[in-house]
2 protein chains.
Amino acid sequence: MSNPEIEAQLAPLRERVQEQGNLVRDLKAKGAPELDVKKAVAELKARKKLLEDKELALTPSVVSFDRAKMEDLLKRRFFYDQSFAIYGGITGQYDFGPMGCALKSNILALWRQYFALEEQMLEVDCSILTPEPVLKASGHVERFADLMVKDVKTGECFRLDHLIKQALEKLSKDQGGHSGFAGRELADVLAKYNIKSPLTGNDLTEPIEFNLMFATQIGPTGLVKGFLRPETAQGIFVNFKRLLEFNQGKLPFAVAQIGNSFRNEISPRSGLIRVREFTMAEIEHFCDPVLKDHPKFGNIKSEKMTLYSACNQMDGKSASQVEIGEAVATKLVANETLGYYMARIQQFLLAIGIKAECLRFRQHMSNEMAHYACDCWDAEILTSYGWVECVGCADRSAYDLGQHTAATGVRLVAEKRLPAPKTVEVSEIVPNKQALGKTFKKEAKNITDALAKLSLEEITKVEQQLAGDGQYKLTTADGQSHELGKDTISVKHSSKTVHVEEFIPSVVEPSFGIGRIMYSLLEHSFQCRDGDEQRCYFTLPPLVAPIKCSILPLSNNTDFQPYTQKLSSALTKAELSHKVDDSSGSIGRRYARTDEIAIPYGITVDFDTLKEPHTVTLRDRNTMKQVRVGLEEVVGVVKDLSTARTSWEKVTEQYPLFEQQEASK
Amino acid sequence: MSNPEIEAQLAPLRERVQEQGNLVRDLKAKGAPELDVKKAVAELKARKKLLEDKELALTPSVVSFDRAKMEDLLKRRFFYDQSFAIYGGITGQYDFGPMGCALKSNILALWRQYFALEEQMLEVDCSILTPEPVLKASGHVERFADLMVKDVKTGECFRLDHLIKQALEKLSKDQGGHSGFAGRELADVLAKYNIKSPLTGNDLTEPIEFNLMFATQIGPTGLVKGFLRPETAQGIFVNFKRLLEFNQGKLPFAVAQIGNSFRNEISPRSGLIRVREFTMAEIEHFCDPVLKDHPKFGNIKSEKMTLYSACNQMDGKSASQVEIGEAVATKLVANETLGYYMARIQQFLLAIGIKAECLRFRQHMSNEMAHYACDCWDAEILTSYGWVECVGCADRSAYDLGQHTAATGVRLVAEKRLPAPKTVEVSEIVPNKQALGKTFKKEAKNITDALAKLSLEEITKVEQQLAGDGQYKLTTADGQSHELGKDTISVKHSSKTVHVEEFIPSVVEPSFGIGRIMYSLLEHSFQCRDGDEQRCYFTLPPLVAPIKCSILPLSNNTDFQPYTQKLSSALTKAELSHKVDDSSGSIGRRYARTDEIAIPYGITVDFDTLKEPHTVTLRDRNTMKQVRVGLEEVVGVVKDLSTARTSWEKVTEQYPLFEQQEASK
């Protein structure tokens with residue numbers, strides 16, 4: 001990153017990012033209209049993207065990756081593929097075949113071990129179908145939308161931001177390099193949207209908001225509207241009271257959930273990275289808003305991380321290497337709990353095989369952060385699609401619990417003991433039930449219910465209005481208004497001694513996109529053998545590899561069969577997934593087939609196996625080296641290798657190398 | 001079951017079932033109208049249900065179960081509870097709390113071990129959102145419906161069969177015992193449906209078919225109709241070609257899938273047993289239709305099973321105990337593959353803790369079996385709701401692959417080598433492309449596509465018609481008809497030598513309802529301590545128990561803390577879920593709390609732990625006995641107990657009993 005030649009090429013791009021970053025700051029400082037800020041931010045993002053694309057273009061290791069070749073292998077060996085292909089397929093939906101499914105399971109099992117078990121989280125499993133009021137409260141019904149335009153003739157839909165990015169790229173190309181376009185022109189593009197359909201050249205409609213949730217009806221009446229959840233988090237929030245009680249009322253505690261979520265993307269693309277149906281693993285860590293220290297922070301404080309701060313992004317600067325302890329100490333990262341999870345996310349991603357040099361944590365700039373979040377960092381992984389957001393890690397403050405409390409009247413709060421008891425003034429509304437019943441009949445119950453839900457502020461207002469014109473207008477849950485006078489209600493004041501204080505907990509939320517992580521991991525582990533570009537394989541770590549071991553009899557000689565069967569039974573008993581390949585074909589060719597599906601170890605039964613003491617060869621996928629191991633021992637060795645209790649290096653020190661050349665394909 | 005007193009009470013009910021069974025057989029034999037058969041079958045089912053209810057009422061062990069008490073505990077300790085309760089809740093949807101989620105995970109992990117790993121199945125993970133054409137082909141769009149009626153005034157919906165059953169129960173009660181109603185009356189009830197709304201007494205609408213699938217739109221255009229899958233199986237069928245190829249073209253092979261399915265039940269009830277969103281684990285075993293032997297059948301052929309044959313059901317007889325080998329030999333069970341899976345299903349259910357005496361396999365009667373299935377047995381588990389279908393095991397023959405082949409034109413077939421090559425006559429349609437193009441312009445391609453898909457039978461018809469009036473009327477995929485004459489097409493005959501034969505594989509499908517299994521297991525393992533009805537617990541086997549071990553310091557003496565922490569770290573390292581309870585409260589009370597959430601083992605740190613050699617006590621939930629074990633050894637002992645490598649009995653032989661009485665609550 002500090003190559004002076006490269007830096008010289010990037011300098012003008014960095015400058016233009018900084019220039020626009022300053023413009024955004026200025027606009028905000030002087031309180032410019034929101035639309036102007038949004039336009040300026042859009043251009044800032046576009047300039048950042050141009051800088052990033054250039055940076056990546058100057059990093060040869062990434063560019064040389066042959067995505068088509070990998071995708072061909074993934075398809076051919078059915079890691080995953082488009083859903084319903086025999087029916088023409090649906091974009092943005094994928095089916096995981098045996099290898100993809102096993103890889104995903106193994107990643108999730110390790111995730112459970114790293115987070116749920118290690119941190120003693122409460123794991124839950126909540127409904128996917130969600131009634132509308134829940135997602136109204138969370139803000140998804142109103143705000144979970146993308147802007148789209150339609151071809152006025154064909155009805156084809158496009159995401160507006162995709163079209164704008166395409167237009168910008170064209171613009172900058174037409175004007176030679178990136179130097180030609182200025183803020184004004186870009187703003188014009190945004191303002192006018194004078195872009196035609198890229199498919200037909202037809203006119204496009206005005207941009208419309210398209211909500212990304214899939215809608216359906218729950219129950220036979222057709223009256224209960226529901227959505228497929230767009231994230232798993234809400235299921236945790238609505239269960240907060242039960243979970244707090246399960247934890248005996250104590251904070252902090254964390255809740256984990258693994259499950260599918262759904263987003264009706266306007267134009268899904270980029271393979272597994274943008275899909276309509278995806279598996280998430282989410283954590284909601286509930287804590288006291290004024291106590292965001294983490295007891296285990298000391299364990300990880302020296303973890304070195306690549307942090308790309310909001311400030312550096314606005315200034316066109318690069319990411320930098322920082323110890324997480326340092327980042328929290330300098331307040332770059334908001335608090336220990338957030339920092340702890342960021343470090344643990346990094347440790348997890350490296351453990352499954354993500355390359356350290358392709359991982360960074362990017363802080364949300366204030367203009368892209370949800371309005372309720374107080375700090376948010378995305379773990380981004382570098383792939384051939386650029387930097388991809390794979391894990392979000394946000395301090396969401398008390399937003400979600402507050403919203404559901406407001407919507408339901410159920411107080412999603414925790415209590416803590418006060419250092420000393422205190423006396424507080426209490427105001428409450430006392431309904432005159434008899435008078436209410438007489439005046440309002442069967443409406444009386446709705447009225448008393450609504451009165452009981454009034455906040456302290458509202459009670460004060462009631463008191464003022466009763467003292468004023470003697471009437472208060474109350475709206476009940478069913479939307480009806482009622483005039484209440486002094487004859488029906490009064491306000492009572494009293495004081496009481498309290499020992500505990502209620503508060504809405506803060507939430508720190510690490511949220512993992514499993515499909516994206518999996519795709520990135522496949523890219524990072526894709527390799528071709530030196531000198532044989534057709535022989536490709538995945539270097540997936542044994543811990544997550546779909547199948548741990550192959551058993552290959554050297555030939556179809558029937559003498560080998562009892563040994564093959566015995567090994568297969570022993571591996572099953574040791575709970576090791578394995579694949580017997582006794583098909584014809586040279587041993588080298590069969591090894592190549594197992595390499596393609598990332599099997600890390602291979603046991604070969606050969607003529608020496610028949611002799612006493614019975615031995616087999618054990619082959620390592622990455623080095624293609626082999627050792628000779630006793631028949632009785634080999635399953636134990638594979639078990640230790642697969643659970644990371646030993647390494648191939650150690651195994652080669654312990655057992656004699658088997659030198660026979662692998663037969664060529 | 002063979003108690004003569006009980007049999008005397010059941011005899012008249014058995015007789016009436018048999019009487020109706022014979023009527024159904026007669027009606028079918030003489031080809032009576034379908035509606036008459038359906039009515040007679042409905043009555044047969046009602047009579048069977050009355051017999052079953054009586055049988056259960058005479059079995060005291062089941063009746064004495066206190067469901068309300070168990071449900072209270074499940075709710076209180078958040079095993080599971082209604083979803084979105086703070087928003088009023090949605091019937092038929094449940095959220096699994098920490099204990100329910102862990103229990104479910106553990107059941108699924110064992111399922112994977114029992115089936116996917118042990119049988120080397122290909123596990124896949126397919127899309128939930130399914131486009132309409134797929135579910136049209138599978139028959140779900142047309143047939144996956146229940147009959148419902150609506151209250152004409154309030155719009156409230158009821159399932160017709162529920163209303164009829166209620167009416168029958170009332171009828172039989174009014175007339176004293178079950179002796180009063182005859183076939184005619186019941187048919188009248190069914191024919192007239194002169195039942196009022198049980199809630200309002202209002203009239204009801206005519207019965208209408210209500211499709212149980214949740215509908216939505218995929219993509220932003222609103223034009224692609226989709227459904228949430230009602231079963232996971234179709235995802236496997238549409239991927240058949242990829243899976244066969246992954247298996248190198250060889251049969252048999254089995255594919256497994258675990259995932260959620262959705263059914264928009266008209267009136268969900270019975271807790272976890274009838275819900276709108278549920279987890280299934282399904283297996284599709286593909287095999288040659290003429291080779292349904294199973295290589296591992298010998299391993300299980302002596303498994304004793306309780307089989308309730310279709311014949312016995314029609315005759316009002318009971319289930320009987322049979323060895324599965326015997327059942328297949330006598331053709332009671334259609335073939336070895338079906339029998340093998342039935343035995344393995346039984347082994348699995350017993351391993352997780354289902355009571356053997358509460359498990360039976362009930363064969364579908366020919367009138368309830370899907371028309372394509374050739375044999376189907378349901379594993380039914382006895383609960384306080386009666387016998388509940390928990391696992392289906394069906395030989396679905398070639399139905400599904402055939403349907404998708406017909407719908408897509410993609411041949412979902414396998415090949416097998418012929419014993420000897422043979423010469424076959426081939427008929428094919430040769431289109432005169434030039435003439436077609438001239439006559440039909442841009443329709444020509446659709447026509448040639450449609451011609452290529454014609455079956456041999458249809459080709460023969462074409463030939464006959466061309467020879468007759470010289471015209472053949474062809475319908476293309478878009479539904480248009482075209483008259484083709486001799487100028488545009490001809491039929492060519494040739495012979496060729498073939499070495500392989502194509503065939504559509506048969507499918508044997510074991511399909512597990514995980515929620516129902518889990519609920520049944522909770523019922524079977526629910527217990528109260530002798531002499532203390534308030535102290536309830538679950539005897540879940542350690543293999544599936546949500547948490548394997550508790551750590552309880554005897555008191556909040558700080559000297560205990562280092563030992564508690566050390567044990568917790570060691571358990572985490574050994575991947576054992578555990579719970580530290582260092583809250584105040586007597587040790588007996590804390591044990592009772594861990595019993596409630598089914599923790600099988602408890603480690604107590606006491607004053608003897610502080611002395612050398614350091615020891616702890618280890619307590620068994622079921623017997624409440626304790627042994628004294630070395631601090632360094634105890635984690636290994638818990639690991640062996642939790643993975644069924646040892647038993648509590650053996651542990652008590654190995655370690656000294658710790659005799660101190662458990663402090664009373």
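In this predicted model, helix α24 of chain A spans residues 634-642, and its buried residues are Val634(A), Val635(A), Val637(A), Val638(A), Leu641(A) and Ser642(A). Buried means under 20% relative accessible area (1.4 Å probe, protein chains only). Helices are DSSP runs of H or I, at least four residues, and strands are runs of E, at least two, numbered from the N terminus. Seen down the axis of α24(A), the buried residues fall within an arc of 160 degrees, so they line one face of the helix. The arc is taken from the directions from the helix axis to the C-beta atoms. An α-helix has 3.6 residues a turn, so residues three or four places apart point the same way.

The cover over this face includes β24, α21, β26, β27, β28 and α25 of chain A. Just after α24(A), Ala644(A) takes a positive phi of about 60 degrees.

Now turn to the two chains. Their contact (heavy atoms within 4.5 Å) takes 87 residues from chain B and 87 residues from chain A. Tyr87(B), Arg242(B) and Phe246(B) supply 12% of the area that chain B buries against chain A, more than any other three residues. Buried area is the accessible area (1.4 Å probe) that two parts lose on being put together, summed over both.

Arg242(B) also forms a salt bridge with Asp81(A), the closest N and O atoms being 3.3 Å apart. A salt bridge needs a side-chain nitrogen of Lys or Arg within 4 Å of a carboxyl oxygen of Asp or Glu. Four salt bridges are found across this interface. Helix α5(B), residues 98-117, gives the most to the side of chain B that touches chain A, with eight residues.

Residues are numbered from 1 along each chain as its sequence is written, and chains are lettered from A and ligands numbered from 1 in the order in which they are written. Local features need pLDDT of at least 70, side-chain atom pairs count only at pLDDT 80 or more, totals for chains, interfaces and linings use all residues, and side-chain values use heavy atoms, with hydrogens and water left out.

Key:
Buried means under 20% relative accessible area, exposed over 50%, partly exposed in between (1.4 Å probe, protein chains only).
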